[in-house]
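Visitor: Please take me closely through one part of this structure, the charged pairs and the packing around them. Keep it brisk.

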Amino acid sequence: MTSNRTAVHPSHLITSILALGIASTGLADSITLLDQVGPMDGSALTGGLSASQYFEEAYTAYDIATIDDFMNDAGAIATQVSGALGGWNGYAGIDGVTGVQVNFYNTLMEAGENLVGYVSEDFAGTPTGDPEWTHDSDLLTFNGNWIINGDRQSVAIIPVNEFAANGQTGIVQSSLGDGISWQANPNGGFGFGPYQESATNAALRVMGSEGDPCNANLPENCTADVNADNVVNVDDLLAVISTFGDAGDGTYRPLGDCAPLPNGDCLVNVDDVLAVISGFGADCTPSGACCAGFDPCTVQTQADCDAIGGTYAGDDTDCGVCTWGACCDAAGNCVEDSGDNCTASGGVFNDGMTCDEANCQPIIGACCVDAQTCLDAVDPVTCDAFGGEFVGDGSTCATAPCGWPGCDNDDTAEGIPCQGDTDGDFYDENGGNNSDPPSFGNIAVDETICGTMSTFTCIGCGTDGTDVTYRDTDWYAFSNADGGTYTVSGGGQGPLVIAIIRLSTGSFEGYVFTETYAQDSVTVTIGAGDDYAVWVGHDWNSGIEVPCDSGLNEYTVNLTRVDAPVAACCMGLECVGDLNPTDCLAEGGEYVAGESCATYACPEAYEGCTTGNGQDPTLSGWWAGTSDTGTGYIRYEDIAADTVSSVRVWGITAFYSGGWSACSDTEMSFDASLHEDDGTGYPGTVTGELIGHVADQAPLDVDLGAYTLHRFDMPLMASTPSRWLRVTSNGNNCWFLWLSASADGEGTSLLDNNGTWETAARDLAICISP
């Protein structure tokens, strides 16, 4: 059977209206108050999760909400809340969720006191995910009629989810939004206080309605396009007929109510039928400004704009949004074009100017093909053809070198020859603490030193008389009576480590690696006192050696300084105020760069494990072993725990480049997991896990020489018995080294050495909270 309904003139259908029943299918026009969910394929989501969950009674201290805010200036009623939900740490899906609570808050303080908002509704039972959602999370949507306050409001979706049965739940993070959300944890289980700010967006959506929708105006254009398919035809007339006689009740406008203007009458009647007939055949496709490379621009549909290669500025926009002017290309030619097109083609745009007025010059500058190859007087197109990077208009290789520029006649010579192979009878005059007795070169602020760096063989220097390969290290002490913010920069023919080192501890305050013929810099703020030096050494991790005949030996290093800002000054455990380095030294304190007494806690007093399930670190005769995902050294300690709510480990932070150096990373992230035993004495099934977790850490008032003992606390949880604990740093500039809990040979732990199991002859320091 062939349908011919679209060929019927609408006037022929009027007589059938009264014979039809009444159907109410229209809904109130929705207002988007917040949308950080985005398209239904989840393409706006970034993949991370922010915890949001009501736990069972044993873990109510961890009840937590992920919260984001929105403006409600119009005082709309919230009618729908959606959120993308995921989980981890044993989460098997929404089938394990037993309910959801939707909450609105006036302030974060409210949420920090009670997760139940001033407007709150519980949805009992397992939620249903949207079947149209194609992301690997679940999109949950809840409808209501929530009378919320005006101005700024906050919203949260909190699943009710038993940790023991279904792990942990969270709201997926999104690329949409202002980059700020919050978490509230009134019972304090996570240790960050009642609430904390997070540099992420939560994938939440809030829709609303302006009270009775029949009080709102009808669309200005194409009012008769009842079904909003961008054309007025028989389908619109049928939509009116199907709702004929329907009257709104204050919560919705009937679908067919399209007349009279300006806001209808909240009733579907003959006036609406006549309005559709009057507009029959109208094309209602939205139109807007088309910025299309000619003047003036035109207002047309997006399809038509795309067909002529224009840039569509959006529905209902006018030509005022199109920036227009002269576009100077790389060769100095001028065309009149839109700003977007000009910039996209690599041109220089002159807003509001025609080519008769523009003075286009060719874009010429330096082109870096690689760190050693710079081409002068090249335009961007030619540079790109060479596979290079265009430095900028007017640049030259002399003023903007691509890599390390080499030594200059004005540089200060190191004054010590390149160190070649030796039989061990040598003394390095600027070898710093590596020389016996220590000996240093010197560098002044704003001075550049040209020196040489090498690796060399020390013949017969091994403990068994074998030859050993060493590297030259150059130490340049500098005067630091007032402290300051120092930048050390440099580079060379070969790969280097450049740093500022504290002499009394042998630890790097800051360091940077430079590749062959490259240069870089590092900036650190240090307290007052002549206890520091610039340090330069070959980068062992580069995998190459640089003997004196390699041609990869020459380097330069430069030091600059500005006054240091005030910062926390610690006298023991007391922070006596924010002082500059000189005043802090005069008080007998320790200047802590980048910290303030308002937020910084001076090093904690060490306290051993008090939970009854742990092993304290060995503070005398200590040992620490690398446990870092990137290095492939992953350590496990055997434990005995029926349940776990959090763990503490002790360790130091350091890195290795031909020798160990202390370093600091206050945002160190960890991978940690709890495991059953596999039945053969090795870790098996995971019972709890954290990935990329930034641990709560603190330095402790324990003297470990060049290193600082830290404690690291993590909310790692398991509701079933666990036998093994894994803790590794992950993706950090510093590595975590797990401190021992026994003397050599008095205990054991496991090391996964790049896929090979090894038994280490020491226990590791842990503290387990049940």
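Guide: A residue is buried under 20% relative accessible area, exposed over 50%, and partly exposed in between (1.4 Å probe, protein chains only). This is a predicted model: local features need pLDDT of at least 70, side-chain atom pairs need pLDDT 80 or more, and totals for chains, interfaces and linings use all residues. Residues are numbered from 1 along each chain as its sequence is written, and side-chain values use heavy atoms, without hydrogens or water.

Start with R648 and D713. Their side chains meet in a salt bridge, 2.7 Å from N to O. (A salt bridge puts a side-chain nitrogen of Lys or Arg within 4 Å of a carboxyl oxygen of Asp or Glu.) This pair joins distant parts of the chain, 65 residues apart. R648 sits in strand β41 (residues 646–656), and D713 in strand β46 (residues 707–714). Strands here are DSSP runs of E with at least two residues, and helices are runs of H or I with at least four, numbered from the N terminus.

D713 has 18% relative accessibility, so it counts as buried. R648 has 23%, so it counts as partly exposed. Nor do these two stand alone. E604, D696 and R711 join R648 and D713 in a network of salt bridges.

The structure holds twelve salt bridges. Compare another one. R205 pairs with D35, and their closest N and O atoms are 3.2 Å apart. R205 is in strand β13 (residues 204–209) and D35 in strand β1 (residues 31–35), so this bridge ties together parts 170 residues apart in sequence. R205 is buried, at 13%. D35 is partly exposed, at 34%.

A further bridge runs from R561 to D563, with the closest N and O atoms 2.9 Å apart. R561 is partly exposed at 29%. D563 is exposed at 62%.

Next comes the nonpolar packing. A nonpolar core is a set of buried Ala, Val, Leu, Ile, Met, Phe, Trp, Tyr and Cys residues joined through side-chain atoms within 4.5 Å. The largest core has 33 residues. V649, M714, L725 and V727 touch the most other members.

Look at V727 closely. Set aside its neighbours within four places in sequence. V727 then contacts S627, R635, V649, F670, D671, A672, M714, F736 and W738.

The ring centres of F736 and W738 lie 6.0 Å apart and the planes meet at 45°, so the pair is tilted. (Phe, Tyr and six-membered Trp rings pair if their centres lie within 6.5 Å; planes under 30 degrees apart are stacked, over 60 edge-to-face, the rest tilted.) Elsewhere, ring pairs link F55, Y59, Y62, F163 and F190 into a cluster.

Key: Contact means heavy atoms within 4.5 Å.
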